[in-house]
Amino acid sequence: MAGRKRQSAAARRRRGGRRAAAAVLALLLLPAVGCAAPAKGARTATAAAAAGIGQVLDRRAAALADRDERAYLGVLDPASHALRATARTEFENLADAPLGSWEYRLTSVERAGDRATVRADLRYRITGYDSAPVATPRALRLTERDGHWYVTEDEPAPGGSRQLWQQGPVRAVPARHGLVLGVGQDARLLRRIAATADRAVPAVDDAWPERWARRVVLLVPGSLTDMAALLGESADAYRSIAAVTTGESGGSGAAPADRVIVNPEAYARLGDFGQRVVLTHETTHVATRAATSAATPVWLSEGFADLVAYRGTGRGAGQIAPELQRAVRRGEAPRTLPSDADFAFAGDADLLARAYESGWLACEMIADRWGERKLTDFYRAVGAHGHRKGAVATAAHDVLGTTEKALTERWRAYVRQRLG
């Protein structure tokens, strides 16, 4: 089974409260990988172990669903005191989370005597929001005693990360168009975020004519450090990033609802307008996920999200694209549309801002010249191409009746017209 990727879309920085950042990060759900075939006896022993371990993890999942703490802890090794203490805390932290399902899918089992090393996908679903389970890879160790398997270790596997409930008690704040799950945050902040999301979802729905969930799940950890831990990344990479969106791209419609993860420190530095722009931008990524693929350049995915976020705000081009305007007036107008690398977090902040602003103006130009519906048709056509090479050129020809070169030339002229 091939691994499923969550397509990456870079975030933008907002400095001095002027621009808020957004991102879509990558996640790979790892399939089981086999090596040389073991001897028959070893295969039989491993198969028996896998069956027993699967039953243990099924009991653990059922205990969580039933809110049966004793049964939840009962599958853990009694000698693993630290693990039991951690598990008890996590069980309590999940009390307010509206979980609809919780299960483990084994991807590999390696047995050595009375011990086993296991890789599994933890799959969970939030009631009313996830159309399919969210999956995160886990690495577990178990030991067998008197014919029974007990969990001795449970950690994120490569490609996985810490989860929100591992950071503290989860507080759930429902909204009309979504759900906010917070840890270590004041309930008033969570309610304000829910209210902002309730404005963002209808705005995105009005701009994106395709079918989508029309709801969003937002995670609000206690700090920048906690946000980075949820993403499995360094905090330095997200210090100026107000929010990121994670989710599977190019899905068939069965993919789970995306998660918008808020950096409470950067988000708090924004005013009401900036916060609304950030959440509308992120919600656009949720809406367009199924139409976004490896063929979609970042300038298009981020530019379209910005176009929706600023749509109807009355802000002028110079207010939305100040860094690009300064470059144009210095005689440094861009000659090509930004590359994916131009959206890297670690790059120069002004160059990153100009990349976002260039993508926004490219999408505005298409909407201005061909109409908003043609822009969304173009977006879908690019994503449906299957691979990056030729995607923009083919969509430009088929949808807009032009060439990629002519599209770029028209964008360059549009930049000078709007910002010169």
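**View A. Strands E4 and E5 pair antiparallel in this predicted model.** The two strands are joined by 12 bridges. E5 covers residues 115-126. Alanine 112 belongs to E4, which spans 99-112.

**View B. E4 and E5 belong to an open sheet of 4 strands.** The strand order is E4-E5-E6-E7. Pairing in the sheet is antiparallel. From one strand to the next, the twist averages 30°.

**View C. Strands E4 and E7 form the edges of the sheet.** E4 runs over 99-112, and E7 over 148-156. Each has a single partner strand, so one side of each lacks a neighbour in the sheet.

**View D. Helix H12 packs against helix H13.** H12 comprises residues 372-383, and H13 comprises residues 391-400. Their axes lie 9 Å apart, at an angle of about 140°. H12 is therefore oblique to H13. The crossing of the two helices is right-handed.

**View E. Side by side, the residues where H12 meets H13.** H12 contributes Lys374, Asp377, Phe378, Ala381 and Val382. From H13 come Ala391, Val392, Ala395, Ala396, Val399 and Leu400. Sorted by class, this contact has 9 nonpolar and 2 charged residues. No polar residues take part.

Note on methods:
Residues numbered from 1 in each chain as written. Predicted model: local features only at pLDDT ≥ 70, side-chain atom pairs only at ≥ 80, totals over all residues. Heavy atoms only, no water. Axes fitted to C-alpha atoms, helices over the stretch in contact; angles between N-to-C directions. Parallel < 35°, antiparallel > 145°, perpendicular 65-115°, else oblique. Left-handed = near helix turned anticlockwise from the far one by under 90°. Contact = heavy atoms within 4.5 Å. Nonpolar A, V, L, I, M, F, W, Y, C, P; charged D, E, K, R; others polar. Pairing = 2+ DSSP bridges.
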